[in-house]
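User: I am new to this structure and would like to learn how to read it. Please take me through it one feature at a time.

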Amino acid sequence: STVLFNRRDIPAAIAGMKKSMVLNPYDTIVATDYGGRLVSTGDIEQGMTYLERYAGVGGVQPIWQHFYLFLGNYMRGKFPEATREADEMTSDIYTFGLFARGLTAAVCGNTDKARANWEKLIALRPVWRSLRPSEARVGPVATGLPDVELRGAAPVPAGRLKSGSSRPAAS
């Protein structure tokens, strides 16, 4: 299914993941990978059901699970949860982690943290310099993240502020 997913044959990739889950009903890696792929293809609620049920079962989570949980929570507008997952991706060479930490810092108004993560990301992958958050991709699939300025003043997307606050509204 990974090959199908990366070739952008999403229906076949999802069908392959479903079959894998039937064949491996106790494999939490398969279940969380399926959930993450659902999230990244826009089926956020169904994907988060799998991620929330199986992520972290049996020990330490792989970094990619934190990214999918970040993505799902961010898209749900659950910024504290998204920030927590972003902060769990502590590697300074995992580009999606740097992106997630920079994005959540920008949304929460922490310009210095956003800029620091953005600069690390650009140093590793210069192509990101010209990308906006909405252009970020997970494999072949655009994340659909709203655009937030990561380089400068870090405005919060419209409609995401609590009344009278500079911080995003909690869900």
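This is a predicted model: local features need pLDDT of at least 70, side-chain atom pairs count only at pLDDT 80 or more; totals for chains, interfaces and linings use all residues.

User: Which secondary structure elements does the protein chain have, and in what pattern?

Analyst: Begin with a tally, then read along the sequence. The protein chain has eight helices and two strands. Their pattern is α-α-α-α-α-α-α-α-β-β.

User: Which residues touch the most other members of the largest nonpolar core?

Analyst: The general idea is that in soluble globular proteins, nonpolar side chains tend to be buried together. Here the largest nonpolar core has 26 residues, and Phe 67, Phe 70, Tyr 74 and Met 89 touch the most other members. At least two residues of this core come from each of helix 4 (44-54), helix 5 (63-76), helix 6 (79-88), helix 7 (95-107) and helix 8 (111-124). Another core, of eight residues, lies apart from it; Met 17, Met 21, Val 30 and Leu 38 are among its residues.

User: How many aromatic pairs are there?

Analyst: Ring pairs are judged by the distance between centres and the angle between planes. The count is eight aromatic pairs. Take Phe 67 and Tyr 68: their ring centres are 6.4 Å apart and their planes meet at 55°, so this pair is tilted. Phe 67 is buried, with a relative accessible area of 3%, and Tyr 68 is buried too, at 8%.

User: Which residues form the aromatic cluster?

Analyst: One cluster is formed by Trp 64, Phe 67, Tyr 68, Phe 70, Tyr 74, Phe 79, Tyr 94 and Phe 96. A ring can also have a charge over it: the charged end of Arg 53 sits over the ring of Tyr 50, 5.9 Å from the ring centre.

User: Where is Asp 33, and is it buried or exposed?

Analyst: Asp 33 is in helix 3 (residues 28-40). Buried means under 20% relative accessible area. Asp 33 has a relative accessible area of 15%, so it counts as buried.

User: Which residues is Asp 33 in contact with, leaving aside its neighbours within four places in sequence?

Analyst: Those residues are Met 17, Trp 64 and Tyr 68.

Key:
Residues are numbered from 1 along each chain as its sequence is written. Side-chain values use heavy atoms; hydrogens and water are left out. Rings of Phe, Tyr and Trp (its six-membered ring) pair if their centres lie within 6.5 Å; planes under 30 degrees apart count as stacked, over 60 as edge-to-face and the rest as tilted. Buried means under 20% relative accessible area, exposed over 50%, partly exposed in between (1.4 Å probe, protein chains only). A charge sits over a ring if NZ of Lys or CZ of Arg is within 6 Å of the ring centre and within 35 degrees of the ring normal. Helices (H or I, at least four residues) and strands (E, at least two) are DSSP runs, numbered from the N terminus. Contact means heavy atoms within 4.5 Å. A nonpolar core is a set of buried Ala, Val, Leu, Ile, Met, Phe, Trp, Tyr and Cys residues joined through side-chain atoms within 4.5 Å.
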